[in-house]
Amino acid sequence: MPVAPLRGPWRPRLVQPPPDTGGDGPDADGEEGLLQRVARGDEAAFERLYDRVAPLVHGVVLAVVRNPALAEEVTQEVLVEAWRTAPRFDPARGSARSWLLTMARRRAVDRVRSVQASADRDAAVGARELERDVDVVSEAVEIRLEQQQVRRCLDGLTGLQREAVSMAFYRGHTHREVAHLLDVPLGTVKTRLRDGLIRLRDCLGVA
Amino acid sequence: MDQNTGAAAEVHTLIGAYALDALDDAERADFERHLAECATCRDEVGGLRRTVVRLADAVAAPAPPRVRERVLAQVAVTAQVRDVVTPIRSAPSARPVVRRVWLVAAAVLAVVSLGAGATAWSQYRSAQDARAVADRITQVLADPSARTVQAPVTGGGAARLVVAGDRAVLAGGSLAALPADRTYQLWVIRGDRITSAGLGPAGADAAGSWSRPVDGVRRGDLVAVSVEPTGGSAQPTTTPVVALKV
């Protein structure tokens with residue numbers, strides 16, 4: 001590279017960080033495309049992907065761990081993990097969002113479980129615990145007005161469908177745990193999870 | 001799905017739990033075997049998964065800006081997994097995954113190779129173990145209180161300065177190669193005083209990504225990089241390619 005000779009006293013010009021224009025073009029790439037570029041070590045693509053998905057990851061983690069400081073920490077871990085394991089992302093198996101979401105939920109649930117003694121969890125089985133789960137979903141969903149549709153669709157589920165879906169999604173319980181906590185047969189939980197999601201899908205108009 | 005056996009119908013009822021990631025590992029493996037044989041199921045799973053993503057969207061909440069800074073700083077020194085073969089595509093921005101390792105390894109190599117003309121590295125002379133330098137970089141980048149400033153570098157690429165207390169790391173990315181007899185050199189500028197903060201890589205090795213620790217910085221200092229004759233200069237002899245405010 002050409003090197004400019006120094007003339008006179010050196011007065012370094014402070015370079016300000018460039019304004020964040022959001023990359024080379026709006027939506028030039030989808031999230032899957034960005035994630036595949038990230039998988040090849042493209043740091044600029046990672047920054048763009050971060051800006052698109054960080055609120056999703058953070059929101060889900062916060063909903064699960066319910067502690068802002070812990071949520072920040074877990075969000076950071078998940079996104080660094082996304083960078084690290086991006087080469088394992090397989091677009092044939094689902095969307096980038098779905099991949100990140102699964103990672104975020106698992107990490108958040110692991111963290112909650114390691115923080116909370118397992119005995120504590122087992123002892124807490126009961127109506128109180130359950131109500132809390134449902135409340136968290138309600139509160140979290142109400143955070144954003146534009147998410148009224150999701151709220152409305154959740155309201156359209158039967159009580160058991162909503163509880164089962166919420167416990168699986170926001171608390172990271174397996175369907176067996178949900179059956180145990182709700183004290184209903186496993187087969188019932190399976191069908192409630194499926195029927196609940198199908199009803200949500202149709203209500204939300206998901207293709 | 002009229003061909004479904006009873007067992008397949010049974011496993012199919014897991015589709016909701018599967019879409020919600022609420023199965024244990026064995027059940028998930030069973031279900032994925034079923035999925036491999038059932039195109040309709042794959043369609044249904046796709047729709048249910050997108051529904052689950054909508055549930056997540058409903059709770060989306062912006063993360064504080066400090067999370068972004070920390071993540072980007074950590075990513076700069078985190079190697080990616082290489083246990084899978086990713087298809088090679090003709091993307092101009094594609095870089096080997098192994099590049100990330102260089103951010104830390106470059107610091108190690110620099111200390112080792114500079115053994116002879118180590119004046120510019122005097123502040124690191126006590127760090128007999130090259131690993132210690134790499135560890136210092138990692139510590140700064142992992143510090144939750146770390147702040148980041150970044151700017152483009154004249155000649156190509158960008159530099160990011162991560163500051164944690166009085167310690168900083170300058171990380172360059174996509175930097176230009178230098179002539180064989182030139183090296184990057186780091187400087188700390190405090191008021192009128194300009195102090196060398198050590199050498200960056202030289203010649204062709206200067207291309208790409210590398211990072212260096214810069215210790216003893218204060219708020220208001222400038223950390224700058226200039227191109228100097230190999231071996232470094234006592235004071236800068238060329239216009240800096242980048243200057244970042246601590």
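## Ground rules

Helices here are DSSP runs of H or I with at least four residues, strands are E runs of at least two, and both are numbered from the N terminus. By that rule, Arg113(A) sits in helix H4 (residues 96–115) of chain A.

The model is predicted, so to speak of local features takes pLDDT of at least 70 and side-chain atom pairs count only at pLDDT 80 or more, while totals for chains, interfaces and linings use all residues. Residues are numbered from 1 along each chain as its sequence is written, chains are lettered from A and ligands numbered from 1 in the order in which they are written, and side-chain values use heavy atoms, with hydrogens and water left out.

## Chain A overall

Walk along the sequence and you get α-α-α-α-α-α-α-α-α-α.

Of the 207 residues in chain A, 49% are buried (under 20% relative accessible area; exposed is over 50%, partly exposed is in between, with a 1.4 Å probe and protein chains only). Take the contacts (heavy atoms within 4.5 Å) in chain A with a separation of 6 or more: 61% of them join residues 24 or more positions apart. The chain exposes about 9,700 Å², with carbon and sulfur atoms supplying 51% of that (Shrake-Rupley method, 1.4 Å probe; for residues, only the protein chains shown count as cover).

## Where H2(A) meets H5(B)

Helix H2 (residues 43–65) of chain A and helix H5 (residues 65–75) of chain B have axes that come within 11 Å and cross at roughly 155 degrees. Axes are lines fitted to C-alpha atoms, for helices over the stretch in contact, and angles run from 0 to 180 degrees between N-to-C directions. That angle makes H2(A) roughly antiparallel to H5(B) (over 145 degrees).

On the H2(A) side, the residues in contact are Glu43(A), Phe46(A), Glu47(A), Tyr50(A) and Asp51(A); on the H5(B) side they are Val67(B), Arg68(B), Val71(B), Leu72(B) and Val75(B). The tally for this contact is six nonpolar, no polar and four charged (Ala, Val, Leu, Ile, Met, Phe, Trp, Tyr, Cys and Pro are nonpolar; Asp, Glu, Lys and Arg are charged; the others, Gly among them, are polar).

Gly33(A) and Leu49(A) are 16 residues apart in sequence and 9.6 Å apart C-alpha to C-alpha.

Key: Angles under 35 degrees count as roughly parallel, over 145 as roughly antiparallel, 65 to 115 as roughly perpendicular and the rest as oblique.
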